[in-house]
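Work through the exercises below with the sequence and the structure side by side, and try each task before reading its solution.

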Amino acid sequence: KQWYQRRVRGEVVKNFMISLMSSQPFYANKVVERAVQKLSVVGPTGEVVIHHSNLDILQFISTNMPAHLKFVQQKLAQHFPHKTRSLAEHRAYISNILHFTERVPSFFNDVIVTIVERLIKIDVDVG
């Protein structure tokens, strides 16, 4: 029951955000910020959760609002989890942004570069 309620709530929020951006493009930056922040959230038992509603929002922006493409790229890099965050959060974020590249292939190279750079930085800092 809780899973269903969260899913329905996610769909309602997604539809609201897309309607908001369609009528008021000014809010797109705030919506991108919110959607990207949620990509590292893990499930209650620490499992990776694919945040389809947030990915739908980012896909909508990327395909319908090309002026915001650079902003989406910047936010994806900026919100990569810090090295002190849990492994589960890193896995969730990486899984979500890789799913995003399946939806918007033009981001694939930038996302892979970001993942590799951040993981190397974490490895160097820990080592």
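**Exercise 1: H2 and H4**

In this predicted model, helices H2 and H4 pack with their axes 10 Å apart and at an angle of about 30°. Decide how the two helices are oriented to each other, and find which residues make the contact.

Solution. Angles under 35 degrees count as roughly parallel, and H2 is therefore roughly parallel to H4. The crossing of H2 and H4 is right-handed. From H2, the contact is made by Asn29, Val32, Glu33 and Val36, and from H4 by Phe71, Val72, Lys75 and Leu76. Sorted by class, the residues of this contact are 5 nonpolar, 1 polar and 2 charged.

**Exercise 2: H4 and H5**

Describe how helix H4 (residues 69–78) and helix H5 (residues 87–103) cross, and name the residues of their contact.

Solution. The axes of H4 and H5 come within 11 Å and cross at roughly 160°. Angles over 145 degrees count as roughly antiparallel, so H4 and H5 are roughly antiparallel to each other. Their crossing is left-handed. H4 contributes Val72, Lys75 and Leu76 to the contact, while H5 contributes Tyr93, Ile97 and Phe100; by class, these are 5 nonpolar, no polar and 1 charged.

**Exercise 3: the core**

Which residues of the largest nonpolar core touch the most other members?

Solution. The core has 28 residues, and those touching the most other members are Met21, Ile57, Leu58, Ile61, Val72, Leu76 and Phe100. At least two residues of this core come from each of H1, H2, H3, H4, H5 and H6. Leaving aside neighbours within four places in sequence, Phe100 is in contact with Leu55, Leu58, Gln59, Ser62, Val72, Leu76 and Phe107.

Notes. Residues numbered from 1 in each chain as written. Predicted model: local features only at pLDDT ≥ 70, side-chain atom pairs only at ≥ 80, totals over all residues. Heavy atoms only, no water. Axes fitted to C-alpha atoms, helices over the stretch in contact; angles between N-to-C directions. Helix = DSSP H or I, 4+ residues; strand = E, 2+ residues; numbered from the N terminus. Parallel < 35°, antiparallel > 145°, perpendicular 65-115°, else oblique. Left-handed = near helix turned anticlockwise from the far one by under 90°. Contact = heavy atoms within 4.5 Å. Nonpolar A, V, L, I, M, F, W, Y, C, P; charged D, E, K, R; others polar. Core = buried A, V, L, I, M, F, W, Y, C linked by side-chain atoms within 4.5 Å. Buried < 20%, exposed > 50% of the residue type's maximum accessible area, 1.4 Å probe, protein only.
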